[in-house]
Amino acid sequence: MEKSRRRHQLAFSLLFGFWLTCCLAQTTPSSRATPTPTSAPTPAPTPAPTPAPSPSPKPLTDRLKVRLAGYPRKHNEGRVELFYKGEWGTICDDDFSITNANVLCRQLGFVSATGWTHSAKYGKGQGKIWLDNVMCGGGEKSIEFCKSRGWGNSDCTHDEDAGVVCKDERIPGFVDPNVIDAHVDENKVEEVRLRPVVAVAKKRLPISEGVVEVKYKDGWAQICDVGWSIKNTRVVCGMLGFPHERKVNKNFYKRLKKRAAEKVSRPKVNVSAGGRPTSKAKANSKSKQSSPGKRLYLERQKNHFHIHSVACLGTEVHLAACPLEFNKPNATSTCDGGMAAVVSCMPGPLFMQNSGLKKKLKTSRNVRLKGGAKLGEGRVEVLKDNEWGTVCDDRWNLQSASVVCRELGFGSAKEALTGARMGQGMGPIYMNEVKCVGQEKSIWNCPFKNITSEDCQHMEDAAVRCNVPYMGFENLIRIVGGRSTYEGRVEVQVGSKWGTVCSTGWTTREAMVVCRQLGLGYSMHAINETWYWDSSNVTEMVMSGVKCTGTEMSLSQCQHHKTVSCQKSAAKFSAGVICSDTASDLVLNAPLVQQTVYIEDRPLHMLYCAAEEDCLSKSAAKANWPYGHRRLLRFSSQIHNIGRADFKPKAGRHSWVWHACHGHYHSMDIFTHYDLLNANGTKVAEGHKASFCLEDTDCQEGVSKRYECANFGDQGITVGCWDLYRHDIDCQWIDITDVRPGNYILQIVINPNQEVAESDFTNNGMKCNCKYDGHRIWLHNCHIGDAFSEEAERRFDKYPGQLNNQVSQ
């Protein structure tokens, strides 16, 4: 029995060894680079053949591209167009459904669809009608996997083009589809970095000088500098977020290489004749002095020169867009007559540590970015005749966008955005069909067409996302405990210690900085109690008294206490945030205020409800009610939402307050401030307006109303719509009964307490020059707070007022 068991074990061992040898022979590649002859006999098919390994997924550029087009539309709706076989085409609306729309919206990066359109609502497309009778199940990752008649097989005309309306909420981490990005072969050059040579430079950010390295396989490879030009340097610097390039002191790097080579090539003697220290020991004793050069040399010894030569024009936005010559796989990785390419870049003023140089380097005052969540992105606005205006997106491309980025102290453009992707501007549109080469110092130096009202509307405002230097700010902060990566309790690193932030005085401005620092978009809510997010073992408070302007790059740049001092230091009172990819943006129609202003003497017996809601000046309480009157400065307010998300009250409807006097709910205690200021900025009269009814009074063509106050409906302002407070409703005034005749400034501020997050608070205010002679009133120069240049704003503040009320001949 024992012998039989041993025989079985021996037989099993032999069989297992034979099977393992066969498997290894099939799966282990040959170490020789001999190609398999094409004439080799084809082996017999096996039941489960092993496919050739394919470690990299199908590149994004090979997948089906989808875009929204047409007019008029918002960024989350439009005619569906597909890019197939090198040509854009549409989808017929036959058998179209909300299920199809859901698949398309998810493919475009939105969470779901809210509707779909038929009969070419967004205009008729051109070219092919790629798909017809599309029927999706709902779980498909792409419209190409849904049932249809097949590609190009359709009996429709472009009068039947289908469209979708997507929910304006992005899938976290999804790449923005409505952009023009660099069409480069990422398989050639996937990523570029600068490796600093001197040890001190490694500790400073941003890294602006070093060896150029490209991502290659699982490591980094270098570029041979033979024939390297300043144009190549310009492209590399632009990719890394730097607007300008500098000449490199190549002699310095050559001396380091030579010195290191001499030290390494010395003979290594183990024992000297007189018992003195060996030359190896001496070299070790001086290793600290020669470490930078030696390290540089040793690192170069193991360098792999993946790219042999580069020939950029200097206008490219990515190194892969330049003509490149790669080393052959079987060639030696040497760089005859050269060394690894080294570049030096000049940071923009925002990223420069030397304050002296920062003052010398000034960015453009004629161009700015508005409405972006991150530094270096936003809607492009240009200054003309002391008034800011926008740029139309016709022919908007990466070269023109890069000129804007470099002009503002950033690198080249990462993306050129169209279709008001960063919100719609207000006021004039100055440029159309901008055609920059890429070398211009300003967008004003590029050829462009002047605008007529028929050419463009603000739904076509151009925007950019610029390359910015890596500063590592996101590593110094984190949010934990939330339901998603976009919310949680704020924890910061101070020194080597992580801790929480005191929530006393924590507002939307501070939360905006946190969301920007983490790259999570805009702040939707600043949270003052985070006990329900207590999932971290960090309990110590390390920062308090935080006060930000809202424009800082990191929370550490805001004002804060040197020593932590917090009344509510318990962990449950730590600060928290909720971030979002999109936000609303409210702007007042300034010309309408100027056109509708007038004075009314209103009897006191008609003002009881207004007095109850605190809409009169304090002296009204001493009046002889119900006799007498109050003098009211009245006007209409039309408030537009030009952002990328609907404006909604912070409080839910369960907490709205009912006002029986007027018979309506207040969703926000104070929605607007109305102030009359004298020349030195002191208030002489004030008023306020509670948002008893935030609704869509009217909208742009093609945009549907969503909010209505009737029947206790939802309150808010849809993107592309406006809320009108007419001059003849209660509290739509300033009580000027006690104001003397003179020259004043009328100031209106929307969302003054910043209760509801917006993408841009600088345009929430409006100012007018005001002349009051005791009987009549005139408004002049009404404008949004950031619509004028600094020079024009200074002139506005010094405005002397009208000298008389006569019309000049």
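User: Which residue in the turn of the hairpin formed by E15 and E16 has a positive phi?
Analyst: This is a predicted model, in which local features need pLDDT of at least 70, side-chain atom pairs count only at pLDDT 80 or more, and totals for chains, interfaces and linings use all residues. Residues are numbered from 1 along each chain as its sequence is written, and side-chain values use heavy atoms, with hydrogens and water left out. Six residues lie between E15 and E16 in the hairpin. The turn residue with a positive phi, of about 85°, is Gly371.

User: Which elements give two or more residues to the lining of the second largest pocket?
Analyst: A pocket is an open set of points on a 1 Å grid over the protein atoms alone, where a 1.4 Å probe fits, with protein on both sides within 12 Å along at least five of seven lines; lining residues have an atom within 4 Å of a point. Grid points are joined across faces, edges and corners, and a volume is the space filled by probe spheres set on the points. The second largest pocket holds about 990 Å³, and among its 32 lining residues Leu369, Lys370, Leu375, Arg516 and Thr551 lie nearest its centre. The elements asked for are E15, helix H10 (508-518) and strand E24 (522-527).

User: Is H10 mostly covered or mostly open, and how many of its residues are buried?
Analyst: Buried means under 20% relative accessible area (1.4 Å probe, protein chains only). The buried residues of H10 include Met512, Cys515 and Arg516. Their cover includes strand E21 (477-481), strand E22 (487-494), E24 and strand E26 (576-580). H10 is mostly covered, and of its eleven residues the number buried is nine.

User: Which residue just after H10 takes a positive phi?
Analyst: H10 spans residues 508-518. Just after H10, with a positive phi of about 70°, comes Gly519.

User: What is the volume of the largest cavity?
Analyst: A cavity is a set of points where the probe fits but cannot get out. The structure holds two cavities of 30 Å³ or more. Residues lining the largest cavity include Arg73, His75, Gln424 and Met459. Its volume is about 80 Å³.

Notes. Pairing = 2+ DSSP bridges. Helix = DSSP H or I, 4+ residues; strand = E, 2+ residues; numbered from the N terminus. Buried < 20%, exposed > 50% of the residue type's maximum accessible area, 1.4 Å probe, protein only. Contact = heavy atoms within 4.5 Å.
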